[in-house]
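Please work through the following exercises with the sequence and the three-dimensional structure at hand. Each task is followed by a worked solution.

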Amino acid sequence: MSPVTPALDADTDAAAPGPGRRPVLDWVGLVCRLGLGGVLVVAGALKVSDLDQSVLAVRGYQVLPYDLAVVVGYALPPLEIIVGLLLIAGLFTRWAALIGSLFMVAFVVGITQAWVRGLTIDCGCFGGGGQVAANQTKYGLEILRDLGLMALGVFLVVRPHTRFAVEDRLFALAPVAPLADDETHPDETPETD
């Protein structure tokens with residue numbers, strides 16, 4: 001009887017420890033994690049010390065009712081920091097990337113509607129925000145930046161396995177040992193004479 005080696009799918013194989021076992025896409029995922037996570041941490045940190053200004057920035061978009069804008073203005077900076085730190089650490093990567101991507105979708109929609117409606121505001125993405133002169137708006141660049149960040153998040157949602165992720169250490173599956181010649185795989189029916 002020949003030894004039966006359990007089939008490993010691509011994700012399990014990629015998660016197995018050892019040099020040279022991780023494909024190039026794991027490194028791409030690491031870059032995506034650090035890129036999106038780093039931007040979210042910086043954006044949140046620049047706003048968290050002045051939450052009143054954060055509320056003014058949200059109100060500048062003139063989309064949300066006053067009370068809801070206050071809630072969003074206060075909640076967004078700490079959430080950005082938490083999601084960013086999770087991405088940098090590689091913990092709950094898929095979910096953190098999904099939330100980060102949804103942040104970017106919301107930012108793109110908010111900036112686009114402000115541009116279409118002729119509002120002249122600073123996006124408040126990294127602090128500040130509110131009314132500015134018409135020649136100080138940077139809507140096009142801000143939308144392109146957020147679309148790029150959203151692409152990093154989407155990559156991580158589709159393929160969350162990355163290099164140096166804490167979740168690999170915490171939730172790694174035990175390696176599957178090959179069966180000896182006289183052992184039968186649990187899914188196989190023993191041969192009878």
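The exercises below concern a predicted model, and they treat helix packing, a cavity and a pocket.

**Exercise 1. Determine whether the end-to-end distance of α5 agrees with its number of residues.**

Solution. 
- Step 1. The helix α5 covers residues 93-116 and has 24 residues.
- Step 2. The expected span is 1.5 Å times one less than the number of residues, so at 1.5 Å a residue α5 should span 34 Å.
- Step 3. The end C-alpha atoms of α5 are 34 Å apart, which agrees with the expectation.
- Step 4. Beyond the helix, α5 is followed by Gly118, a residue with a positive phi near 80°.

**Exercise 2. Classify the packing of α2 against α6 and of α2 against α5.**

Solution. 
- Step 1. Two packed helices are described by the angle between their axes and the distance between the axes.
- Step 2. For helix α2 (residues 24-48) and helix α6 (residues 139-158), the axes come within 9 Å and cross at roughly 130°.
- Step 3. The crossing in which α2 passes α6 is left-handed.
- Step 4. The axes of α2 and α5 come within 11 Å, with a crossing angle of roughly 55°.
- Step 5. An angle between 35 and 65 degrees also counts as oblique, which makes α2 oblique to α5. The crossing of α2 and α5 is left-handed.

**Exercise 3. Describe how α3 and α4 pack.**

Solution. 
- Step 1. The axes of α3 and α4 are 8 Å apart, and the packing angle is about 130°.
- Step 2. It follows that α3 and α4 are oblique to each other.
- Step 3. The handedness of the crossing of α3 and α4 is right-handed.

**Exercise 4. State which residues line the largest cavity and which classes they belong to.**

Solution. 
- Step 1. With a threshold of 30 Å³ or more, the count is one cavity. The largest cavity holds about 50 Å³ of space.
- Step 2. Its lining consists of Val39, Leu40, Ala43, Glu80, Met104, Phe107, Cys125, Phe126, Arg145, Asp146 and Leu149.
- Step 3. At least two lining residues come from each of α2, α5 and α6.
- Step 4. Sorted by class, the lining of the largest cavity has eight nonpolar residues, three charged residues and no polar residues.

**Exercise 5. Characterise the second largest pocket by its volume, its lining and its residue classes.**

Solution. 
- Step 1. The second largest pocket contains about 400 Å³ of space.
- Step 2. Its lining has 18 residues, and those nearest the centre are Val58, Tyr61, Val72, Ala106 and Phe107.
- Step 3. Two or more lining residues are given by α3 (51-60), α4 (66-89) and α5 (93-116). The largest share, six residues, belongs to α5.
- Step 4. The classes in this lining are 13 nonpolar, four polar and one charged.

Conventions: Residues numbered from 1 in each chain as written. Predicted model: local features only at pLDDT ≥ 70, side-chain atom pairs only at ≥ 80, totals over all residues. Heavy atoms only, no water. 1 Å grid on protein atoms, 1.4 Å probe; cavity = no way out; pocket = protein on both sides within 12 Å on 5 of 7 lines; lining within 4 Å. Points joined across faces, edges and corners; volume = space filled by probe spheres on them. Helix = DSSP H or I, 4+ residues; strand = E, 2+ residues; numbered from the N terminus. Nonpolar A, V, L, I, M, F, W, Y, C, P; charged D, E, K, R; others polar. Axes fitted to C-alpha atoms, helices over the stretch in contact; angles between N-to-C directions. Left-handed = near helix turned anticlockwise from the far one by under 90°. Parallel < 35°, antiparallel > 145°, perpendicular 65-115°, else oblique.
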